[in-house]
Amino acid sequence: MLLSASEEDVLTAAEALGEELAAAESDASEFQFTTMLRQCNEAISEETGVEYGQVCGADECC
């Protein structure tokens, strides 16, 4: 499957965000991390128009 440039950009940004969240998880309290994760999900939803919390596969935190 070939991806468009915009799809590749989205995947690249998602990978970078995932790496940053993984690093932040070890430094933050559970409350701080959950708050940050929810804010990221909201920003993703606003930017893409996709309700990310519904599709991320992590029902307990999204």
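1. The protein exposes about 5000 Å², of which carbon and sulfur atoms supply 53%; accessible areas come from the Shrake-Rupley method with a 1.4 Å probe, and for residues only the protein chains shown count as cover. Of the 62 residues in the protein, 16% are buried, a term that stands for under 20% relative accessible area.

2. This is a predicted model, in which local features need pLDDT of at least 70 and side-chain atom pairs count only at pLDDT 80 or more, while totals for chains, interfaces and linings use all residues. Residues are numbered from 1 along each chain as its sequence is written, and side-chain values use heavy atoms, with hydrogens and water left out.

3. The average pLDDT (the predictor's confidence in each residue, from 0 to 100) is 77 for the protein, and 74% of the residues score at least 70. Confidence is highest in H2, at 85, and lowest in helix H3 (residues 52-55), at a mean of 63.

4. The secondary structure consists of three helices and zero strands, where helices (H or I, at least four residues) and strands (E, at least two) are DSSP runs numbered from the N terminus. Read from the N terminus on, the elements run α-α-α.

5. Cys40 lies in helix H2 and counts as buried because its relative accessibility is 17%. The C-alpha atoms of Cys40 and Leu17 are separated by 8.6 Å, although the two are 23 residues apart along the chain.

Technical notes:
Buried means under 20% relative accessible area, exposed over 50%, partly exposed in between (1.4 Å probe, protein chains only).
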